[in-house]
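Here is a colleague's note, written for someone who is new to reading protein structures. Please keep the sequence and the structure open beside the text while you go through the numbered points.

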Amino acid sequence: MAGRINEEDIAAVRERARIDEIVGSYVTLRRSGSAMVGLCPFHEEKTPSFQVTPSRGLWYCFGACSEGGDVISFVQKIDNLTFVEAIERLADRVGIQLRYSDDGGPRTPPGLRMRLMEMNQAAAEYFTDQLTKPDALAARQFLAERGFDRESATDFGVGFAPRDGKSLLRHLRGRGFADADLVAGGLARESGYDFFQGRLLWPIRDSGRQVLGFGGRRIFDDDRISAKYINTPETPLYKKSHVLYGLDRARQAIAKKSQAVVVEGYTDVMAAHLSGVDTAIASCGTAFGDDHARLLRRLMGDHDAFGGEVIFTFDGDEAGQSAALKVFSGDQNFLAQTYVAVEPSGLDPCDLRLQQGEAAVRELVARRVPLYRFVMSNIVGRYDLDRADGRLNALRSAAPLVGSIRDRGLVSGYVRELTGLLGMEPEEVQREVARAARAPRPQSGPGHRGDRSRSQSHDEPPEAPEEPPRRKGLELPDPNDRLLATERQTLKLIIQAPQRFGAGWDGITAVDFTNPAYAAVFTCVEKAAADGVETDWANRVSQAAEDDRLRSLAVSLAVEPLPITGEPTERLVAAYSSGLQLLTVMRQIAELKSKLQRTNPVDQAVKYNQMFSELVVLEARRHALHQRSIGAQE
């Protein structure tokens, strides 16, 4: 991989990529004063709550999302990209050649990414056009036999690679592309022939609809490559473990529904979407792996709640059962609940749609069952349950599975299911599940019993599996909380008008903020202030936050209206800064008075007099701050 992107180039991307233009290509915006508003692209709403502030280069949702950021974070979220991917996407769009620090690894030549994107798009258009030619009759018949008409093929960008072996090369050379780039992009072989020849092709796009590569299906018996499917080789754009076919179509539906349906092929994705399952995606030329899981998790959101669903469609045969077991071995990658949709007849979604109609595909997804239940039944089914030793071995194999369930509320239900499958006493099943939950997790995959101690008594009472620690997120304050109004307004002034404050923020410290989130934002302010407040101030404050929710809060404070119309004055800043510190002093006075009431002035004279002296100092400070606050408001 290339090294770290030059910080100056990142700043140049932020400056040159106008946020109103970038966001406007996804969201219809209308002018509202100095800002622009529209419907939030990240949740369903009828009243616009999504605001873009071009003067500060920030966006924020004042509705259900409460998220915000700069142009880079918007592209990250809307197109499901990493920070580096978003930077590269924007740099390509605004014509900035990124520089990378030298880490000794392979480097992408300058401008190559942009040329490859243009080349792939030109190739996709060429292949689509070739599907209408006489030579593509077999390809059109293949689609028709699977229930896809010309309109569907056009909608999904399906194309055809001619058989003569050099037609794409000639076409792209005529468009000015060099042979070296054609090889680097996986469209040509070093021998001077097209990579895809005589194949039905599907363009593989990223979530932003940019063509990264292609998947080709064998349709001619005399094809010299025997593999049914071949995909673009690894290129600077196409990494098979990082792409999912159909994500460009399914991205928004997956984010809104918090659901992803993972099918096994290109035609299955087409069939699912045409049947109304708009969250269908498929891996490309490789098994669904950890990188795919992380990509989906990023899109669906890392939440502690288990409301999301990742649904895998498998055949009901032995291969489908093996695939489900393989998925289970990586299931902890998902924070969403994982399900399996199995078609007993063995039909994949494409054949199911063709033979039983689109409703059958939707019903297949609706009949999903939890992955744990599917795998548990599969494990138990391997044993002869008519024998006592068979039931005991089945219990010992299935117990670690039930004990590993993340949602502890489901454990008792699965214990009952396992009890019914085995025909054993509930107490015996519960004991084994509790013992398996306490044991170290096996390394060899699901169904493996691991090394459990045999010294434990079978008569010991069952113990509930230990509740896994839940990640504690930062709670965002209610923006309308009147008790916190001074803290919020002061932070808004600090972020929106830092030049109006004196040295050291007029004496304000993090202690003055009672709400942890507001205190954390002020800490970000102090970090960002190390580089001054003149350039890109609001964005640097938000970037100083390590937590996404905190970053969104900082953005909201940067774009919310101030308590006055027009430019804030130093008098307004003085009123709020002194008022905030006044509240702190009043809390300190109240606490000190409470301690004095609990202190005996005779028996604890030294301590009492010391606290009384502190009270006098605090009262003097309270009076000074009160006078300053009043004077600033007059």
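What percentage of the 634 residues in the protein chain do buried residues make up?

1. The model discussed here is predicted, and in it buried residues account for 48% of the 634 residues in the protein chain. The word buried is used here for a residue with under 20% relative accessible area. The chain exposes about 31100 Å², and 49% of that area is supplied by carbon and sulfur atoms.

2. The secondary structure of the chain comes to 25 helices and 15 strands.

3. Strands of a sheet pair through backbone hydrogen bonds, either parallel or antiparallel. In this model an open sheet of 5 strands has the order β1-β2-β3-β4-β5, and its pairing is antiparallel. The edge strands are β1 and β5 (68-70), each of which pairs on one side only, and neighbouring strands of the sheet are turned by 25° against each other on average, with direction ignored.

4. Within that sheet, strand β2 (residues 35-38) pairs with strand β3 (residues 50-53) in the antiparallel sense over 3 bridges, and Gly-38 stands opposite Phe-50 in β3. Helix α3 (residues 71-79) lies across β3, β4 (58-61) and β5, and the helix runs at about 120° to β5.

5. Is Leu-29 buried or exposed? This residue has its place in the loop between α2 (19-24) and β1 (30-32), and Leu-29 counts as buried because its relative accessible area is 17%. Leaving aside residues up to four places away in sequence, Leu-29 touches Asp-20, Val-23, Gly-24, Met-36, Val-37, Gly-38, Phe-50 and Val-52. The C-alpha atoms of Leu-29 and Val-52 are separated by 8.4 Å, although the two residues are 23 residues apart along the chain.

6. Pro-54 has its place in the loop between β3 and β4, and with a relative accessible area of 28% Pro-54 is partly exposed. Not counting residues up to four places away in sequence, Pro-54 touches Ile-19, Asp-20, Ser-34, Ala-35 and Met-36.

7. The next two points concern helix pairs. Two packed helices are described by the angle between their axes and the distance between the axes. The axes of helix α11 (residues 266-274) and helix α14 (residues 349-356) come within 7 Å and cross at roughly 50°, and these two helices are therefore oblique to each other. In their contact, Thr-267, Asp-268, Ala-271 and Leu-274 of α11 meet Pro-349, Cys-350 and Arg-353 of α14, which by class gives 4 nonpolar, 1 polar and 2 charged residues.

8. For helix α20 (residues 485-496) and helix α23 (residues 548-559), the axes come within 8 Å and cross at roughly 80°, so that α20 is roughly perpendicular to α23. On the α20 side the residues in contact are Arg-488, Leu-491, Lys-492, Ile-495 and Gln-496, and they meet Leu-553, Ala-554, Ser-556, Leu-557, Ala-558 and Val-559 in α23. The residues of this contact divide into 7 nonpolar, 2 polar and 2 charged.

Technical notes: Residues are numbered from 1 along each chain as its sequence is written. This is a predicted model: local features need pLDDT of at least 70, side-chain atom pairs count only at pLDDT 80 or more; totals for chains, interfaces and linings use all residues. Side-chain values use heavy atoms; hydrogens and water are left out. Axes are lines fitted to C-alpha atoms, for helices over the stretch in contact, and angles run from 0 to 180 degrees between N-to-C directions. Helices (H or I, at least four residues) and strands (E, at least two) are DSSP runs, numbered from the N terminus. Angles under 35 degrees count as roughly parallel, over 145 as roughly antiparallel, 65 to 115 as roughly perpendicular and the rest as oblique. Contact means heavy atoms within 4.5 Å. Ala, Val, Leu, Ile, Met, Phe, Trp, Tyr, Cys and Pro count as nonpolar, Asp, Glu, Lys and Arg as charged, and the others, Gly among them, as polar. Buried means under 20% relative accessible area, exposed over 50%, partly exposed in between (1.4 Å probe, protein chains only). Accessible areas come from the Shrake-Rupley method with a 1.4 Å probe; for residues, only the protein chains shown count as cover. Two strands pair if DSSP finds at least two bridges between them.
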